[in-house]
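Subject: Structure for you to look through

Hello,

Here is the structure I said I would pass on. Please open it next to this message and follow along; my notes come after it.

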Amino acid sequence: MLRVAVVASPPVSMFNLAIPELLFDKVEVDGRPGYEVVICAPDPGPVPTTGSLDLHVPHGLEALRKADTVIVAGTGKPFSPDPRVLRALRESAEAGVRIAALCTGAFSLAEAGLLDGRKATTYWAHADELRRRHPGVEVQGDVLYAQDGQFLTSSGYAAGIDLCLHLIRTDYGAAVANEVARLALVAPVRPGGQTQFTHTPLPPERGTVCADTRGWAMRNLDKPLTLTDLARHAGVSVRTLTRRFHAESGVSPLQWLLHQRIERARELLETTTLPMDQVAAACGLGTADSLRAHLVRRTGLTPSTYRAQFSRHAPVRPADREGTGPGAVTSSVA
């Protein structure tokens, strides 16, 4: 079992705080819990939130000393983090612990000096302030989440879900992460480099036309689907499908389809021993060469390297993974 310590700095975002418990608590491996989640605060006891409620947090920052992963939740006062939190984060970093920040939690990592010379992100409305206060950080203001070595940061609100699913996938593989997403009724793991859609916020999904078509497409990824095929299934024109699809998912139908094909390929590489040409055929990427090109572009790894790195029967401690030392950059979120 891996231990996750979530830091609640007052006034903490209740939404940020709920995400890790919601997702990590749903992880089961061979019938056993995959994680233990511990919420902690600089001062145990009542902790103010950004809403109208106070929370009771029983644990102090000593919880970080036994953690495999530390997650800093967003706070309503991000620009003056508690010195005790900064000190605890530095100690965890020196011990090689994986450290993630949700939303404005990135300011705590930056203030602790952990993001200097590294790629990071935060909620788009605060990205310029993060650049101004910490010019040594390479701020990527238009992505869902970013990873640089042992440090991860996410943008606002639902992007914290994407980051936590990414952590689960890193620890336990695609099948487990996708099952958690299904149980939580959220989308499967999205790539960190996907835009936050700051200029075109996603509207609430209306109707089931595209939802039904997305489900149909997922069941037929091995077939050479075209825009015309998708539009025919939805019973609309190609132009109407494209407009509605983008309104619901934020990407074009073909962009979405390619992403699903690559995600299926990653899951097959992690969970089967199928030859590369069969993996490519099963996810609709055609040939092993096409699979290689798309996977390298998305993750920076060849299919054989990806399989060797992520096809594991037992998880390893995050700090022990190859490429998690200082200075390492994961191209999958670049």
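**Notes on the model**

Pro81 sits in the loop that runs between strand S7 (69-72) and helix H2. Please keep in mind that this is a predicted model. With a relative accessible area of 14%, Pro81 falls under the 20% limit and therefore counts as buried. Setting aside neighbours within four places in sequence, Pro81 is in contact with Leu86, Ser108 and Glu111. Glu111 is 30 residues away from Pro81 along the chain, yet their C-alpha atoms are separated by 7.6 Å.

Helix H2 covers residues 83-94, and Ser92 is part of it. Is Ser92 buried or exposed? Its relative accessibility is 4%, so Ser92 counts as buried. Not counting residues up to four places away in sequence, Ser92 touches Leu64, Val70, Val97, Ile99 and Gln150.

**The chain as a whole**

The protein chain has 13 helices and 12 strands. Of its 334 residues, 52% are buried. The chain exposes about 15,300 Å², and carbon and sulfur atoms supply 53% of that area. Take the contacts between residues at least 6 apart in sequence: 65% of them join residues at least 24 apart.

**Two packed helices**

Two packed helices are described by the angle between their axes and the distance between the axes. For helix H8 (residues 227-234) and helix H9 (residues 238-249), the angle is about 85° and the axes are 9 Å apart. Angles of 65 to 115 degrees count as roughly perpendicular, so that is the term for H8 and H9. Which residues make the contact? On the H8 side they are Leu227, Thr228, Leu230, Ala231 and Ala234; on the H9 side they are Val238, Leu241 and Thr242. Sorted by class, this contact has six nonpolar residues, two polar ones and no charged ones.

**Salt bridges**

Side chains of opposite charge can pair when their charged atoms come close. How many salt bridges does a search of the whole structure find? The search finds 16.

- Glu36 and Arg3 form a salt bridge, with 3.1 Å from N to O. Glu36 is in strand S4 (residues 35-40) and Arg3 in strand S1 (residues 2-7), so the pair ties together parts that are 33 residues apart in sequence. Glu36 has a relative accessibility of 34% and so counts as partly exposed, while Arg3, at 18%, counts as buried.
- Arg214 and Glu248 form a salt bridge, with 3.2 Å from N to O. Arg214 belongs to helix H7 (residues 209-218) and Glu248 to helix H9, so this pair ties together parts that are 34 residues apart in sequence. Arg214 counts as buried at 15% relative accessibility, and Glu248 counts as buried at 15%.
- Asp229 forms a salt bridge with Arg232, and their closest N and O atoms are 3.2 Å apart. Both residues lie in helix H8, three residues apart, which is about one turn of the helix. Asp229 is partly exposed, with a relative accessible area of 22%, whereas Arg232 counts as exposed at 58%.
- Arg169, Glu263, Arg266, Glu270 and Arg298 are linked in a network of salt bridges.

Where in the chain is Pro11? Pro11 lies in the loop between S1 and helix H1 (14-24).

Asp30 is found in the loop between strand S2 (28-29) and strand S3 (32-33). Cys103 is found in the loop between strand S8 (98-101) and helix H3 (106-111). Asp30 has a relative accessible area of 74% and is therefore exposed. Cys103 has a relative accessible area of 11% and is therefore buried.

Regards

Terms used
Residues are numbered from 1 along each chain as its sequence is written. This is a predicted model: local features need pLDDT of at least 70, side-chain atom pairs count only at pLDDT 80 or more; totals for chains, interfaces and linings use all residues. Side-chain values use heavy atoms; hydrogens and water are left out. Axes are lines fitted to C-alpha atoms, for helices over the stretch in contact, and angles run from 0 to 180 degrees between N-to-C directions. Helices (H or I, at least four residues) and strands (E, at least two) are DSSP runs, numbered from the N terminus. Angles under 35 degrees count as roughly parallel, over 145 as roughly antiparallel, 65 to 115 as roughly perpendicular and the rest as oblique. Contact means heavy atoms within 4.5 Å. Ala, Val, Leu, Ile, Met, Phe, Trp, Tyr, Cys and Pro count as nonpolar, Asp, Glu, Lys and Arg as charged, and the others, Gly among them, as polar. A salt bridge is a side-chain nitrogen of Lys or Arg within 4 Å of a carboxyl oxygen of Asp or Glu. Buried means under 20% relative accessible area, exposed over 50%, partly exposed in between (1.4 Å probe, protein chains only). Accessible areas come from the Shrake-Rupley method with a 1.4 Å probe; for residues, only the protein chains shown count as cover.
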